[in-house]
Amino acid sequence: MSAVKTYTYKEVAEANGYVIINDKVYDVSEFVNEHPGGDEIIIELFGKDCTQEFEDIGHSPDAMKTLAKLYKGDVDTTSEKVVIEKEETAEATQQKPDFTKIAILIAAVAVFLYFKSQKA
Ligand code: HEM
């Protein structure tokens with residue numbers, strides 16, 4: 001049997017696209033693009049322990065199989081834990097204007113003005 005590779009919490013945090021589930025390390029960097037639940041949800045959790053998040057969703061046995069394929073090794077639970085701070089991106093805080101609503105409003109005003117001009 002080949003030895004299982006172990007990773008410290010720091011190594012997982014510094015790798016690009018690794019997550020921890022039940023003390024196991026998974027490389028989800030490629031998988032995020034195929035995730036049926038969307039990429040953002042996992043990207044937010046890169047480098048972290050997402051056991052809770054993964055289990056809360058109630059992933060199917062199929063999801064477990066996919067997960068098993070992404071297995072890299074075990075986390076060294078005796079290593080020092082790291083806190084990852086994410087910066088708020090400008091994009092996330094900015095509100096995009098709702099062009100559909102604006103277009104409907106303009107159309108409504110145009111119809112109103114048209115009928116008003118017909119009556120006069
Ligand atoms: C990291 C390994 C993960 C794998 C391999 C994975 C895999 C999958 C798969 C195969 C599905 C399709 C439904 C199913 O078979 O259960 C799914 C759905 C979903 N996943 Fe994940 N997932 C992962 C992590 C996560 C995490 C960490 C979250 C939440 C923070 C999450 C949230 C969701 C949600 C919300 C859906 C439902 C999408 C829908 O039905 O519209 N997943 N995932």
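Colleague: How many helices and strands does the protein chain have?
Modeller: The protein chain has six helices and four strands. Both are DSSP runs numbered from the N terminus, with helices being H or I of at least four residues and strands being E of at least two. Along the sequence, the pattern reads β-α-β-β-α-α-α-β-α-α.

Colleague: What should I know about the model and its numbering?
Modeller: This is a predicted model, in which local features need pLDDT of at least 70, side-chain atom pairs count only at pLDDT 80 or more, and totals for chains, interfaces and linings use all residues. Residues are numbered from 1 along each chain as its sequence is written.

Colleague: What pLDDT does the protein chain average?
Modeller: The average is 90, and 88% of the residues score at least 70; pLDDT is the predictor's confidence in each residue, from 0 to 100. For the complex, the predictor gives an ipTM of 0.89 and a pTM of 0.75.

Colleague: On to the sheet. What is the order of its strands?
Modeller: The four strands form an open sheet in the order β1-β4-β3-β2, with mixed pairing. Strands β1 and β2 (18-21) are the edges, each pairing on one side only. Pairing here requires that DSSP finds at least two bridges between two strands.

Colleague: Which strands run parallel, and which pair in the antiparallel sense?
Modeller: β1 (residues 6-7) runs parallel to β4 (residues 71-75), and two bridges join them. Within that pair, Y7 has V75 as its bridge partner. β3 (residues 24-27) pairs with β4 in the antiparallel sense over three bridges, and V25 is the bridge partner of G73.

Colleague: And the core: which residues have the most contacts inside the largest one?
Modeller: They are V12, V19, I20, V25, Y26 and V75, in a nonpolar core of 13 residues. Such a core is a set of buried Ala, Val, Leu, Ile, Met, Phe, Trp, Tyr and Cys residues joined through C-beta atoms within 7 Å. The elements giving two or more residues to this core are α1 (9-14), β2 and β3, and β2 gives the most, with four.

Colleague: Changing topic, which residues are closest to the ligand?
Modeller: The closest are P36, G37, E53, S60 and A63, among 19 residues that surround the ligand; a residue counts as near when its C-beta atom, placed from the backbone, lies within 6 Å. Two or more residues of the shell come from each of α2 (40-43), α3 (51-56) and α4 (61-69). The largest share, four residues, comes from α4.

Colleague: Finally, where does D39 lie?
Modeller: D39 lies in the loop between β3 and α2. Beyond its neighbours within four places in sequence, D39 is in contact with V32 and N33. D39 and S29 are ten residues apart in sequence and 9.7 Å apart in space, C-alpha to C-alpha.

Colleague: Why does D39 count as partly exposed?
Modeller: Because D39 has 13 C-beta neighbours inside 10 Å. A residue is buried with 20 or more other C-beta atoms within 10 Å of its own, exposed with 12 or fewer, and partly exposed in between, with C-beta atoms placed from the backbone.

Methods:
Contact = placed C-beta atoms within 7 Å.
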